[in-house]
Amino acid sequence: MQTLDRHHLFEFVSRHFIWVVLIATVLVFGLTIDGYLRISNITNILITGSVLGVMVIGQALCLMARKLDLSAEGTVSLVAVTAAWLMLPYRETDLAQAGGLGIELDPLLVIPLILLLGTAIGFVNGFMIMKLNMNFFIVTLAMQLVLRGLALAISSGAIMPGTPAAFNWLGGGRVAGIPVSVIATIGLYAVFGFVMSRMQFGRKVYAVGANEDAARASGFNPARTVILVYMVSGFLAALAGWMLLGRLEASVPNLGVGITLNVVAAAVIGGVSLKGGEGSIIGAFAGVLFLAMVNNALNLMNVDPLWVNAVRGLIILVALVIDAQKSRYRGRAGPAEPKVKTGAKAKQTAALS
Amino acid sequence: MTRTGPNRLVSLMVDNLIWLFVISAFIAFSLLSDRFLSPYNLGNILLRSAAFGMLVLSQAYTFITGNFDLSVESSLGLTAMFAALMLVTSEAGGWGWQLNPILVIVLMLVLGGAIGLFNGVLITKVGVNNLLVTIAMLFVLRGATYGISPGTSISFFPKEFTWLGGGTLARVVTDDGNFVLSVAGVFVILAFLVGHIHTRYTQFGRNMYAVGADADAARAAGINVDRVVIIVYIIAGVCAAFAGLLQAGRLNAATPTMGANLIFAVHGAAIIGGMSIYGGRGNIIGAFGGVLLWSILDTGLNIMGVSPFWIDVSRGLLLLFAVLLDALRVRYQRNVQLRMSLADTTIGLEDKAHGDD
Amino acid sequence: MTEATTEATTERRKDEILLDMRGISKSYPGVQALADADFSVRRGEIHGVVGKNGAGKSTLMGVLMGIRQADSGSIAIDGRALRQASPQMMLDAGISYVPQHINLLNTLTVAENILVGNLPRNRFGLVDWKAVNDDSGARLERLGLKLDVRQPVEGLSVAERTMLAIAKALFNNARLIILDEPTAALARGDIDLLFSFVRAQQEQGVAFIYISHHLEEVFEICDRVTVMRDGRIVGTREISEIDVPELIHMMVGGGVQEYERGTTAGAEIVFEAKNLSRRGAYEQINFALRRGEVVGLSGLQGSGVDELAQALFGLERLGVGEVLVEGAAFNPDSPRDAFDGGLAYLPQDRHRFGLIQLRPVRENVTYSVLDRLVSRVGILMRKPEQQITEAYIDKLGIVTPGAEQRTMLLSGGNQQKVVFAKLAATQPKVLILHEPTQGVDVQAKVDIFNIIDDLAAQGVALLVISSEVRELIGLCDRILVMYQGRVTDEFTRAAANMKPEHILLAIEGGRGHANA
């Protein structure tokens, strides 16, 4: 009985662990760093967290479905480059800058086009994984190479500056002094938090991620669910690309490079398990806030910007070690039956040799 | 490894798919461009991807045991930068120690090995997920590289140092140009050969395969699984350090971004070379084929004047194609097995029916 | 080494005792798994161990392998007593276990699997592959096993893998090998192959313990057989001095029926299978279920029972023939189709197919009926969901701290009730239960019987697939038996011919029908 209670306590703490960390972080930084809690700084944190935040939603969904989408950052750069290419006037490419295709499409047409492009990429990923039984890791890895290569080929690896204001609104605009990107990101978290906890789709994603066979036997269609998850991931990556391009007002080569690793880290710190079926959107949000806050604090503390990456990596590492202890504990105090089974299996194996 | 059974031909083809790709790519580029077969270019194919090749070798090792090490690209950058700082004068941006190049090389290999040890211990003894640990280490090491760098690139290394990455062993002068036998190219070939012998012909190498095939069964056979995995991570770290030294030597410079974002192309090369991320499959020679293929695509497209940005696209598409073939093979094998077992049971049923009569 | 040992063993007298276990007892909280068991194996004999699930076979073997510690009793090998037995000690004493699911290094070759960890090397210290292949090939040849040693293990058939596992045990100087249901996944031709291999090793003096539900095979290959029941050894007999009916009698015992339900069967037919056949799985299946009827279905592994159940639920192809549920054609492509067609299935493997362990009870109960719980805009309605969950927790007596508890933290019986709730929520016309009482305690068993009774009383037609014949007798109006892909026998309560011995005989392929 006592172990059961301890288990509940453990479940509670582990489920809300990220919030404890987040509050502690706010307290420590708020007390030690001058101006940390000022509105302007908080806005700053949120702006820098918004692109990461949008991508984390998509990745969190993939992780919950026990998959991974390494291609998301490729989608970000491809849609950004494509958008710039379609909107900008033609000009000779020189060493530093490239121009567009010259058709100068209306931003209001380009936006749905790139969102569609992202969704389509997600569909292709999902289709190859679920219908052609190709490994998800390799598929999305290869897709990432393809997309990034396409992006560089279209832009000739050069900067494409001068995207129209109507397009930049999402990434750079403000409504009543609040950045649009922040509003949009928070809105997306609200929407997906609701979808994952209160709608059929969310229920299916968790079920498929936790146990695909049982999900099928419960009347779900895992292939359809996973393909949808990848489509959402692709859509959100396209949205993030739009946001990022709008903020920078220029398509730069290597846009979004390496962000996937940050995204996965934020989701996992936020309690989304790599083993599928667990975690919440709101937790992932906390993970994003945590990373954004740490970045910001390192800036304010005048940590050499060159060292920021290292410190951030170390913090992620510490979080992972704590997380590993968590699953170890769960392994010991967790469900008796499955554990006993694997233990017995291992021993039978030992007996076999 | 010879295979028998009904899928022999299919298996043989899929197992050696990489060489089919390599040869086709080689022939295709020879036909498409007369400059591809030039002595200069042939000498160049390996030189340009020597560092890349060492990273692929590091991943081939981890893949065999069913593991990953995403951090090697950052180890490359860190060791290159460290070496540069210890080698050059303070005027050139270094620390002004001007250490002996040989000592620096040894120190960097030790550093690479230590990083691998750290990864391996966290994964096996602390139980952190291998993907995430090495992602975090990728940040830490890259950050450290930026942190210690003076913010600019560092150049002007002593000759003894650049010999490994940029030196020439022999130069054959022909009418079409010079064939350059580079130290780095020979080094990479030797490294893969050693890797092949190590994984194919030593007890430790075979233990690596056993761990990758089934860690439980390997443990049951008396193999110390944790130890094997830790050593493999150390080897991967040392390979990454070699990559850093080769790259710095070839460019005669170290920048903090060296090696950044290479890891996925590295994994792609290993996978198309027949390595499996699930472990226990593939061989080092195949992985070398992956390096060659990527390098041929790189130089071939370059010579044909195709924008280098299409290289990644072609790599990605080839990788997808290879995975698709593998998925089809699995499906085919399952069908064959199913047919065989179905045939068996039906015969069984009929036999019994006759017996009853 | 191996050669020397086997030769030495052959020279000794055959009826010498190799293993002697005396007075072994083992209890778990609330269960006496083994009670004062005496068990011995002679040198070079094949010794069958039979008994129902839960009879104590696996506990006895666990003690023998050193995986479980007996509370009392002694183990002697070659007359030498072993005190505190550990798995390693038992291995060293020459006792090896070959599980039903063989665990080998699948991507590596046969040769490497044999010599793993100890590959022959040449004078440069490198692995000598020619020697690896020759050596392993020669070793296999000495055992009379013909395998291409350069082939990867993943290309071997199940029988070949089993023989390879036995061979590996022998190379490690095993003298007593425990075979656990080795033929469960084998076709007849492969069984013959395996048996002749086992017999060849027996002639070299190796002893085997052969655990199987297939009594026919026990008679085919064993010298002696030990019967277990309720944690006790009922007896050990020479195979020549016993026949199948007597063996079954020993397995079943003379105990009284623990549970007996009345009939709720109506007249109306709700489910009908007509001439259902699938190549290699089942042939010419014809049966019908009436409203409120509980029908048992029993058969050995490979008899087609599993395939039939999975196919009816849309997890596998149904094949040719016709199935009608309430008169409507029924041919599901997926479990969803099956639910929609009015049929639900409780899988045998609760962990893999039944439950999503990470998720809470509430979600597991309502997975099957999500469609009914969404509002027009696709939002899940909390209230009805809560109500359904609470209602089933209440009705089925699921012991849980609350609806939000992860199902993996529940006991086996309560987990099974959650699966029942999920299926019952679909309000099926036909419910197929696959080993519903497997791995649950006595109290939960009674609860599950009551649930079955309730469902039947509500008019659901139930098909209960189980190897627990005594439970079926107490529960069912009729019992069908499948053998070699066909329904071969039928027992009805009305005809008063539902005798455990007869049913078990039919399951084993004999003529069990009382009227026949």
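In what order do the 4 strands of the open sheet in chain C stand, and is the pairing parallel or antiparallel? The order is S2-S1-S4-S5, and the pairing is antiparallel. The model is a predicted one, in which local features need pLDDT of at least 70 and side-chain atom pairs count only at pLDDT 80 or more, while totals for chains, interfaces and linings use all residues. Residues are numbered from 1 along each chain as its sequence is written, and chains are lettered from A and ligands numbered from 1 in the order in which they are written.

**The sheet of chain C**

Helices (H or I, at least four residues) and strands (E, at least two) are DSSP runs, numbered from the N terminus, and two strands pair if DSSP finds at least two bridges between them. The edge strands of the sheet are S2 and S5 (80-82) of chain C, each of which pairs on one side only. Neighbouring strands of this sheet are turned by 20 degrees against each other on average, with direction ignored; the axes behind such angles are lines fitted to C-alpha atoms, for helices over the stretch in contact, and angles run from 0 to 180 degrees between N-to-C directions.

| Strand | Partner strand | Sense | Bridges |
|---|---|---|---|
| S1(C), residues 17-28 | S2(C), residues 31-42 | antiparallel | 8 bridges |
| S1(C) | S4(C), residues 72-77 | antiparallel | 5 bridges |

C:Met21 stands opposite C:Phe39 in S2(C), and the bridge partner of C:Met21 in S4(C) is C:Ile75. The bridge partner of C:Tyr28 in S2(C) is C:Val31.

**Chain C as a whole**

Chain C has 18 helices and 20 strands. Its radius of gyration is 26 Å, close to the 24 Å that the globule rule gives for 516 residues, so chain C is as compact as a globular protein of that length; this radius is taken over C-alpha atoms, and the rule is 2.2 Å times the number of residues to the power 0.38. Taken along the principal axes, the C-alpha atoms of chain C fill a box of roughly 75 × 55 × 45 Å. Of the 516 residues, 52% count as buried, where a residue is buried if 20 or more other C-beta atoms, placed from the backbone, lie within 10 Å of its own, exposed if 12 or fewer, and partly exposed in between. Two residues are in contact if their C-beta atoms, placed from the backbone, lie within 7 Å, and among contacts in chain C between residues at least 6 apart in sequence, 67% join residues at least 24 apart.

**A loop residue**

C:Gly319 lies in the loop between helix H10 (305-312) and strand S14 (320-325) of chain C, and it counts as partly exposed because it has 19 C-beta neighbours inside 10 Å. Not counting residues up to four places away in sequence, C:Gly319 touches C:Leu276, C:Ser277, C:Arg278 and C:Ala311. The C-alpha atoms of C:Gly319 and C:Leu308, which are 11 residues apart along the chain, are separated by 9.9 Å.

**Confidence in chain B**

The predictor's confidence in each residue, from 0 to 100, is its pLDDT. The mean pLDDT of chain B is 85, and 90% of its residues reach 70 or more. Over residues 1-6 of chain B, however, pLDDT stays under 50, and over residues 344-357 of chain B it likewise stays under 50. Where pLDDT is low, the predicted coordinates should not be read in detail.
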